[in-house]
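Trainee: I have a model open beside its sequence, and I would like to learn how to read it. Could you take me through it feature by feature?

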Amino acid sequence: MHEKERHRVILSAVQEKPVVTVPELVELTDSSEATIRRDIAALHVQKRLRRVRGGAEAINPPQFVGLAGRPFSVNEGLHAREKQAIAKEAVALCADGEPIIINGGTTTFQMVHFLANRRMQVFTNSFPIAEHLLKHSKNTVMLSGGTIYREQNIILSPFDNDVTRNFYARRMFMGAQGLGPLGLMEADPLLIQAEQKLIDQADELVVLVDSSKFHRRSSLILCGLKRIATVITDSGIEDRHAAMLEGAGVNLVIAKAKPAVDAESASSSA
């Protein structure tokens, strides 16, 4: 990850919670501790964040209440090639005219590019997904009602009598904070409440997760493995995780990401 990209991720991360630690930023950016400490020092000098013991904090923390979990802008740049490949496989499961639900997330957002030439009925709680499909496709789009959470770019409602209950879907596509033997995991109770309502409206649940999500855990379980029809992930999945899904009767689809092209290779082929 280049310096400008790291700085963008770091600055976005410090808006998520009071203090972000160096180890957390190392994981987010896949960089060394020394690199992160230099980045924090540079951004501190530029007065774009405040360096604190063991990490960094925002100079002007957000005053609104957000959701637990990483912001959309932070997640967007992580495992980008894998997410695109996973999203392509997800859209391949769809047939024109089918009603589907797409839950908000950075992996599910990548589906919009492959839906550009489709004509489907799409229900989503993601403002970016709805906006993109309206501008760049002829799909019918329906949005859920509720509060827009800026960091995650999703719309959530705590009420049972929202429009969610009136939409039927052949499939629901969603990501998750983590995926393990107990099932899908999320980080926020409001997310759990809203996503469970969406899951109830679909015949099949299709989970889109890059292979790193099999190593992540959270304190809240959204649903068990038995509720999942299909998991789409990348080739980095370990055999033990594939066996876990197979044992639960979950269909596993491996998406093959295109190899990265470095600058030297690109220039030599030009």
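Mentor: Gladly! Setting aside residues up to four places away in sequence, Val231 touches Leu179, Val207, Val209, Phe214, Leu245, Val250, Asn251, Leu252 and Val253. Keep in mind that this is a predicted model.

Trainee: Where is Val231 placed, and is Val231 buried or exposed?

Mentor: Val231 sits in strand β14, residues 230–234. Its relative accessible area is 0%, so Val231 is buried.

Trainee: Which residues have the most contacts inside the largest nonpolar core?

Mentor: That core has 27 residues, and those with the most contacts inside it are Leu179, Leu184, Leu205, Ile228, Val231 and Leu245. The elements giving two or more residues to this core are β9 (169–174), α9 (189–199), β12 (202–208), β13 (220–223) and α10 (239–247). There is also a second, separate core of 22 residues, which includes Val91, Phe109, Val112 and Leu115.

Trainee: Let me step back to the whole chain. How many helices and strands does the chain have, and what share of the residues is buried?

Mentor: The chain has eleven helices and 15 strands. Of its 270 residues, 48% are buried. Now consider the contacts with a separation of 6 or more: residues 24 or more positions apart account for 61% of them.

Trainee: Now to the helices. What do I need in order to describe a packed pair?

Mentor: Two packed helices are described by the angle between their axes and the distance between the axes.

Trainee: Which residues of α1 and α2 meet?

Mentor: From α1 come Arg6, Val9, Ile10 and Ala13, which meet Leu25, Leu28 and Thr29 in α2. Sorted by class, the residues of this contact are five nonpolar, one polar and one charged.

Trainee: At what angle do α1 and α3 pack?

Mentor: The angle between α1 and α3 is about 75°, with the axes 11 Å apart. That makes α1 roughly perpendicular to α3. Here Glu3, Arg6, His7, Ile10 and Leu11 in α1 meet Thr35, Ile36, Asp39 and Leu43 in α3. This contact has four nonpolar, two polar and three charged residues.

Trainee: That leaves the pair α2 and α3. How do their axes cross?

Mentor: They cross at roughly 105°, and the axes come within 9 Å. So α2 and α3 are roughly perpendicular to each other. On the α2 side, Val22, Leu25, Val26 and Thr29 meet Glu33, Ile36, Arg37 and Ile40 of α3. The class count for this contact is five nonpolar, one polar and two charged.

Trainee: Where are Asp30 and Lys47 placed?

Mentor: Asp30 lies in the loop between α2 and α3 (33–45). With 71% relative accessibility, Asp30 counts as exposed. Lys47 is in the loop between α3 and β2 (50–52), and its relative accessible area of 67% makes Lys47 exposed.

Note on methods. Residues numbered from 1 in each chain as written. Predicted model: local features only at pLDDT ≥ 70, side-chain atom pairs only at ≥ 80, totals over all residues. Heavy atoms only, no water. Core = buried A, V, L, I, M, F, W, Y, C linked by side-chain atoms within 4.5 Å. Buried < 20%, exposed > 50% of the residue type's maximum accessible area, 1.4 Å probe, protein only. Helix = DSSP H or I, 4+ residues; strand = E, 2+ residues; numbered from the N terminus. Contact = heavy atoms within 4.5 Å. Nonpolar A, V, L, I, M, F, W, Y, C, P; charged D, E, K, R; others polar. Axes fitted to C-alpha atoms, helices over the stretch in contact; angles between N-to-C directions. Parallel < 35°, antiparallel > 145°, perpendicular 65-115°, else oblique.
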